[in-house]
Amino acid sequence: MRAIILAAGRGMRLQQAQSEHLPKCLLRFGGMSLLERHLRLLKSVDVTEIVLVLGFRHEMVEAELDRLHWLPRPEIVLNPRFELGSMRSVHTVADSLTRGGEVLLMDADVLYDARIAKALVAGERPVNRILIDRDFEMGDEPVKVCVRDGVPVEFRKQVASDLEFDIIGESVGFFRFDAAGAARLAALVAESVAADGGVKPHEEALRDLILERSLSIEISDVTGAPWIEIDFPTDLVRAADDVLPLLQPLTGVN
């Protein structure tokens with residue numbers, strides 16, 4: 001199993017909160033960067049093959065890897081058009097999606113608990129899996145996952161008012177794919193890039209994958225496990241004050 005971490009973006013919405021504009025994976029909480037937390041949490045669930053998709057100020061992220069002396073060192077793939085958005089990042093790393101085996105696709109800008117990492121990799125058989133949190137605030141920002149009879153029927157920030165579903169939750173931004181699912185996602189991303197240059201967020205390709213119903217996709221409910229995606233200055237405060245104190249300690253993982 002390999003983990004692809006999307007860490008190429010500029011994080012424009014955080015600029016006003018930072019004296020030095022850093023890649024978001026270098027934001028530090030409790031003396032540890034988000035990148036280091038990702039690496040430690042993945043290692044704790046026996047995922048050591050890591051692919052980092054970098055772009056904005058990538059040399060700073062590489063310097064953090066040097067500082068950590070992390071082994072095995074993550075594979076680095078550079079997205080030269082990172083300013084276009086996350087669809088191009090996923091397209092850039094298509095080789096890692098299609099080389100076989102199970103794949104985790106993860107946003108880098110998430111502070112999260114070890115229970116979420118365990119839920120992502122749980123089970124011995126290959127699966128396609130989406131993590132959701134039912135305890136969230138409705139609004140235009142969360143990517144919502146709607147589920148009917150155990151099957152995801154929508155994956156978007158805006159949900160049609162007449163859509164029928166049993167469960168609605170916020171996507172954590174972490175996904176697991178078997179070899180077929182990862183290859184199909186790569187194909188859908190390639191189609192999007194060919195159509196418009198890849199200016200849409202990669203969530204649109206994920207939505208296409210879900211709605212075409214070509215794969216069995218399971219939902220893993222992580223409601224109650226603390227996490228936060230860091231997009232806005234207020235998220236920095238919530239991450240430090242509300243989420244960080246609730247995280248299980250990272251012990252015995254180096």
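Q: What makes strands β9 and β11 count as a pair?
A: Two strands pair if DSSP finds at least two bridges between them. Strand β9 (residues 144-148) and strand β11 (residues 167-177) have four bridges, in the antiparallel sense, so they count as a pair. At one point along them, C146 stands opposite I168 in β11. As for where this comes from, the model is predicted, local features need pLDDT of at least 70, side-chain atom pairs count only at pLDDT 80 or more, and totals for chains, interfaces and linings use all residues. Residues are numbered from 1 along each chain as its sequence is written, and side-chain values use heavy atoms, leaving out hydrogens and water.

Q: Why are residues 144-148 called a strand?
A: Strands are DSSP runs of E with at least two residues, while helices are runs of H or I with at least four, and both are numbered from the N terminus. β9 has five residues, so it passes the strand cut-off. By this counting, the chain comes to eight helices and 13 strands.

Q: How do you know that β9 pairs with β10 (residues 151-156), and what joins them?
A: Five antiparallel bridges link β9 and β10, and R148 has V151 in β10 as its bridge partner. The two strands form a hairpin with two residues between them, and D149 in the turn has a positive phi of about 55°.

Q: What makes β9 "mostly covered"?
A: A residue is buried under 20% relative accessible area, exposed over 50%, and partly exposed in between (1.4 Å probe, protein chains only). Four of the five residues of β9 fall in the buried class. Across the chain, buried residues make up 52% of the 254 residues.

Q: Why is helix α1 (residues 34-44) described as largely enclosed?
A: Nine of its eleven residues are buried, so the rest of the structure largely encloses α1. Those buried residues are L34, L35, E36, R37, H38, L39, R40, L41 and L42. After α1 comes D46, with a positive phi near 65°.
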